[in-house]
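Dear colleague,

I am passing on a structure that you have not worked with before, and below it I describe what was found in it. Please have the model open while you read.

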Amino acid sequence: MKKTLSTLLLALAFGSLTGCATTMPAQVPERFQVQEITDCDAGSPFDAGAKGTVAYVEHGSLRLVNLHGNVKAVAGTGVRLLSFSPSGDRLAVALTPAESTVLRILDTAGNILAETLVEGRVTSITWRSEKELLAGALMVKKFSFGTQMASRLYRWDGDAKPEMTALGDVTLRPKVARLPEALLYDQMIVALSPYRDEIAYTTVKDPPLFNPYLKVNIWNLTTGSSKSIAEAPLGAGKVVYAPDGESLILGGTPGRRVSLPAGKDLETWNGPGRAPSLSPSGNYLLLGGHLYLHNKEIATFPPDAKGMFLPDGTGALVMYKEQLYLVSGLADEPPPPLAENMERTLKLRALRSQGLITDAEYLEQLKKETK
């Protein structure tokens, strides 16, 4: 019988790793199990790959754990971001020594496959494909008249020099520029559409007579067309695409789902949270310590816990303080199919991004494709 990723990780918890009883306060259904997996640095990044490797940080060092229970410490300190490629064969790492960022690509054994240095502090990374990494970065420069914050997107194939695109610039008032660095550098978030043709990203706006806020934007990677679709409070956190690619989950108070490309609110959740996470099917949502199934709350964790779903949907990894836990027992479904004719659908999406067809015309054309 084929073992699920959560089953194998649970075996690790009772084997080579810490394996002690969980101390995270949580209320979960009886079918769920919550098990401590390993110690980690509080607030550090972690990720799980499709091939069963888990990456996390302990005592400042990146560590890789595979399904055989082997733990390997990888050289390098200052790891800020981690992201496995779609296949799980490669791991992207962002290391920020100062106001520049080292981007590094590793294999699952921790060997360095590629490395590059980019200007600015990379605040978000995601893979568009096995060969293209996307990295959102902020460049902050202080002048006598104010502080300039520039948002940039890097596209890197692991070989040539990363290609940079300017996504936005803003001059911050002194009182805004004095915000804690951890908050200031957490305002550029990039999410990739399931179609892999479009990103959603956030930019800071600081109007003279009003409070600063975030603009949520979408940008088509093929056409270069962009559009602002929503606003969110400063510090609202991540944006996440729904599996069908037609809506976004936004962190904040409250968390909400907005339609694409219109940006209309579709639903909200009472639990505030900065790091929403969706299961592969989109049936489960983890937001601010609340776990929802089909929009019904079924479990709670500490509000300062953060988590992500395993790629196979059988469980979730949750970090609480200095521990990483496995929540198993989920019964997720496969992601919904995106399109029968992907080439045609991508062309229609490109036309919609350029305003050459309306959203209604786009949906009508999709219906014709499925007849």
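Tyr-292 is buried, as its relative accessible area is 7% (buried means under 20% relative accessible area, exposed over 50% and partly exposed in between, with a 1.4 Å probe and protein chains only). Before going further, please note that this is a predicted model, in which local features need pLDDT of at least 70 and side-chain atom pairs count only at pLDDT 80 or more, while totals for chains, interfaces and linings use all residues. Residues are numbered from 1 along each chain as its sequence is written, and side-chain values use heavy atoms, with hydrogens and water left out.

As for confidence, the chain has an average pLDDT (the predictor's confidence in each residue, from 0 to 100) of 89, and 93% of the residues score at least 70. Over residues 16–21, however, pLDDT stays under 50, and the model has 18 contacts beyond four places in sequence for them (contact means heavy atoms within 4.5 Å). Where pLDDT is low, the predicted coordinates should not be read in detail.

Tyr-292 also belongs to one of two aromatic pairs in the structure. Rings of Phe, Tyr and Trp (its six-membered ring) pair if their centres lie within 6.5 Å, and planes under 30 degrees apart count as stacked, over 60 as edge-to-face and the rest as tilted. Its partner is Trp-269, in a tilted arrangement with 6.4 Å from centre to centre and 50° between the planes. This pair links distant parts of the chain, with Trp-269 in strand β21 (residues 265–269) and Tyr-292 in strand β24, 23 residues apart; strands (E, at least two residues) are DSSP runs numbered from the N terminus. Trp-269 counts as buried, at 3% relative accessibility.

The other pair, Tyr-284 with Phe-309, is likewise tilted, at 6.3 Å centre to centre and 40° between the planes. Tyr-284 is buried with a relative accessible area of 1%, and Phe-309 counts as buried at 6%.

Strand β24 is part of an open sheet of four strands, ordered β22-β23-β24-β25 with antiparallel pairing (two strands pair if DSSP finds at least two bridges between them). At the edges stand β22 (277–278) and β25 (296–300), each of which pairs on one side only. Four bridges join β24 (residues 290–293) to β25 in the antiparallel sense, and Tyr-292 stands opposite Glu-297 in β25.

With kind regards
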